[in-house]
Amino acid sequence: MDTQTQAYSGRAPDRTRRSTRQVLGVVLFLAFVFGVVPAFIAATGRWDFYYTLTSVALLSVAAAGVWLTFYIGRINIGQGAYALAGGYVSTILMTQGGVSFWLTLPLAGLFCALISVLIGWPILRLRGVYFAMVTLVLTEVARLTALALPITNGAKGITSIPLPGGVSVMGVTLIPDFATLENPRQAFYFVAVTVMVLVYLVLWRIVNSRLGHLCRSLQQNEELSASIGVNTAWLRVLAYAISSFFGGVAGAMFVSISQSIYPSSFVVQDSVNFMLYCFVGGLGYVFGPMLGTLLLYFGWDLLQVAGQYQLLIYSGTMIALMLVLPNGVLSLFDRKGAGK
Amino acid sequence: MLRRHVLKSTALAFAASLVLTPAAHAQNPTLKIGFVGVTSGPAAAWGISNQRSLETRAAWLNELGGVQIGDTTYDIQIVAFDDQKDPKRAIAGMERMAQEGVHYVVGPNVDDGAAAVRPVAEQNGIIYFPYAFPKELYVAPASNAILGMVANYQSGPAIYKYLMDNKGVQKVAFVAANESDPLSQRDSGIEAAKALGLEVVSDKVTYQVDTTDFTPVLLPVLQAQPDLLVLSGVSPANAPQLIRSARELGYEGLISTETAQDASVLAEGAGDLAEGFISVGGASTPELASDTMREFVDRYTKMFGEYNDESNTKVYALEYIIETLKANPAAIDDVEAFKTTIDTFEAPNPFMVGDAKLRYVGQSSFGQKRQIAVPLVVNEYRGGKFETLFVAEVD
Amino acid sequence: MEQIIANGLYLGAQYALIALGLTLIFSLMNVLNFAHGQMYVFGGFVCYTVVAQLGMPFILGLVASALVLGVMGALIERFLFRPVIRRSKRDESTMLLAAGIAFFLDAVILLLFGEKQRGVPKIVNGVFNWDFRLIMPYDRILIGVLAIALIAGFILFMQYSKAGRAMRALAQDRMAAQLMGVDVDRYSMIGFAMGAMLAGLVGALLVTITGVNLGMGGPTSVKAFLMIMIGGASVISGAIAGGFILGMMESVGLSVLSSYGDVTYLVIFATLMVFLAIRPQGLMGKPWG
């Protein structure tokens, strides 16, 4: 929990003290996800947590993208479209092109970034609910496109996708072939968490760079930042492309776990969920989407014990959370004056 | 400050208690049977009728003193997981089943979920009974899925053949929702119809599942003047509206579907206009239902307030699991033993009158026995109830 | 041709009525009500319970739906949206609340009314048939007329009543309206209640024709969003125009594109995206809603 607080970019004057604490936070976090979590799972025997946490990691990668579009003041309810596109790109490259999964992962992201530039250029001029609604429609367009195209195999989906293969450089095995592993879910967990850590480091770096300041200026007043010479159109498209890259990578990873993809693998509900993860965690905090995903996704799984009241309790909690902490769960850890 | 602190600690305590909740221990040995399917959201009807069938039958068996498998008598416990019709959740559900030591799972209800859980099921030694039709789930090398009902590519040809011979049907039209399951079913339906020599006059029209007015959808279909209108993979929610719109537009031919429907839903949604509507059902029509089936319906109604005719096809999965385990007690935690038993297993079918048998089929469709033999009962809707049109068998 | 236009008009009337409630709430509070579809479904189920289960006349079902949803809307505004709007740093936060309410209503609907498709028997029998060029069942005509009457009533109310004028002032400029002495809290609550009431009324009207089931909520909300975008958010005439345009697009699209099958809705949605990219504020909306 502490990592999130520390990594939040307040305007503390003491830079060195801050950066020491940040490094410490990152190290603690890494130790937690790579050490404590596997140890906990081994101790309790709750092996199913691996998949749940893998899901959380991957969904929070996609949610990180949504968060970035929030950061430039746009409500993005279209991330599901890019996750679906990423999944299909990876699948088609693997099954028809024989490309290694590890190579398709960045390619899926790049493909999504590319189409997001084409789509984003016109629609990023929209604001507020208009942008939100267009992106909502985009998810449905992606689903219908996947149904209609021959290369995606339409309604029948693509099944029996091979597990990620091995990677070795000069005889040294860097990544083992997943098909030979005794416990692929643990391997998927490590991969997913690594991707998540990388994505959030990138995100955190962006937010604390010049680019991040420009993005914030966009969020606050677009006309004003344009008038002082910020190339707002370019900045918006850049942020959106990065966001979609994250979505594509998350989608591709998911497909490699389920070893199958259908047009309904990512739907409007997923897009809405990504947005909700950001809200729950807090829009003002880089690590908000990560925490939000953990709470909402994990929460649903744990509430399974509630049987038919599962959805009632889940949504009731969500409403209560909003009433108590309208600025996200992380606002709980805000110190005085640290909020924006 | 104090409020913050209280909030923080309650949140942490809540999270901790959820993570560490120990599984409830029953006193008698329990046999856990899983259910992974959709019980909330738009498609809730499918999973709920499924889960309730399982729970009704389990409660009944437990009331009778449990089930004797080998030398041990077990109480049946149903472990249910709501996948929200999301394939990603379905995987989590299957992982959960593995965690709980469940080896036999009923569900998922849709194609994408059934395909997504396959790796988990095969890695963890779980046999699952999907209500999804894609053949690659059941054809080798896949081996852990057993189709829980009659697939439309099996029932479709039987229905079309019957209608060709008895009602002189020559021209057939298909409509389907623009989703994976219905579209796949439409395509295999078209194939079957063409193979029988029927003329397919309209096969392109699709609709969104949330359509509130089907008149524009059906207009071009009916202009092609079919004798038979097939509603491929239609959900119980859409069926009455489609029937009603077709009839109101003056369509006088036959309407059929290959999925299970509910008579009271048809009565409310389409009333007399649904007369003669042909669908596939289980064995609860008065001509076929045994006393056990009637008692099942009574118990279901008592437990949940209202029966759902879709459960007629969903009553079987649990019976098959238990009977097969009885036949080979070693299978209780070894699905390989289950698989070998599949080939020879046979037991009386308690839900049907006569000498119908429970056995595994699918040899001709899948090349291996990966389907439960549910009688293919084709129903006709008459006066608010289903009547048996004909009964066929799948091999 | 006549048939296509008639279908479009009928669809348009019901769509416009759904969109009106949504746009009213949006214009007053800048809240995109994700739960609108669920409110519509709730209204349908209330009407079903009153008419089909208790055996009351249809008109009572309509009234009951309007009342139940009106009260529900008022409570939701008073106890949920108002405190959240007051305390959150960003406007968008209300979207989470709205989505939470949508899930909550879904859960309540499932527990109260069950998972099955429900319907009220036809209120009028018979089909109007003009030489097979135009076929329209009488109950559809009746519902269409009722919907249009409700739309007209709503417009008159907004134009000429005190509450309507106050709400229009609020929608135009919240701050100015407050300065002019409009009780912002009170009219926000009334507006939200009216929006919910409209959703409930459409649900109740349509339960006689399309029936109702718990899955219709989400997709209905999305469709309603589309309509208010076409017409322009927060403009009442825009919602009506959006509803009729979407109805017409579906009716024409399904007929013209039927031979291409699966792509009908793809074309409709893609066209919408292009349209909005070119004209972001919709047909008659304020730019940058």
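## A tour from the A–C contact to one tyrosine

Select chains A and C together: 40 residues of chain C and 40 residues of chain A take part in the contact between them, where two residues are in contact if their C-beta atoms, placed from the backbone, lie within 7 Å. This is a predicted model, in which local features need pLDDT of at least 70 and side-chain atom pairs count only at pLDDT 80 or more, while totals for chains, interfaces and linings use all residues. Residues are numbered from 1 along each chain as its sequence is written, and chains are lettered from A and ligands numbered from 1 in the order in which they are written.

Now colour, on the side of chain C that touches chain A, the helices α3 (58–87), α4 (93–113), α9 (217–231) and α11 (264–278), each of which supplies at least two residues; helices (H or I, at least four residues) and strands (E, at least two) are DSSP runs, numbered from the N terminus. The largest share of this side, 13 residues, comes from α4(C). By residue class, the side comprises 30 nonpolar, four polar and six charged residues, with Ala, Val, Leu, Ile, Met, Phe, Trp, Tyr, Cys and Pro counted as nonpolar, Asp, Glu, Lys and Arg as charged, and the others, Gly among them, as polar.

Of the 289 residues in chain C, 59% are buried, that is, they have 20 or more other C-beta atoms within 10 Å of their own, C-beta atoms being placed from the backbone.

Turn to chain A and select helices α8 (residues 210–220) and α10 (residues 232–258), whose axes come within 11 Å and cross at roughly 110 degrees; these axes are lines fitted to C-alpha atoms over the stretch in contact, with angles running from 0 to 180 degrees between N-to-C directions. That makes α8(A) roughly perpendicular to α10(A) (65 to 115 degrees). Leu214(A), Cys215(A) and Leu218(A) of α8(A) meet Thr232(A), Leu235(A), Arg236(A) and Ala239(A) of α10(A).

Finally, pick Tyr71(A) in helix α3 (residues 48–71) of chain A, which counts as buried because it has 22 C-beta neighbours inside 10 Å. Setting aside residues up to four places away in sequence, Tyr71(A) touches Cys215(A), Gln219(A) and Ala239(A).

Technical notes
A residue is buried if 20 or more other C-beta atoms lie within 10 Å of its own, exposed if 12 or fewer, and partly exposed in between; C-beta atoms are placed from the backbone. Angles under 35 degrees count as roughly parallel, over 145 as roughly antiparallel, 65 to 115 as roughly perpendicular and the rest as oblique.
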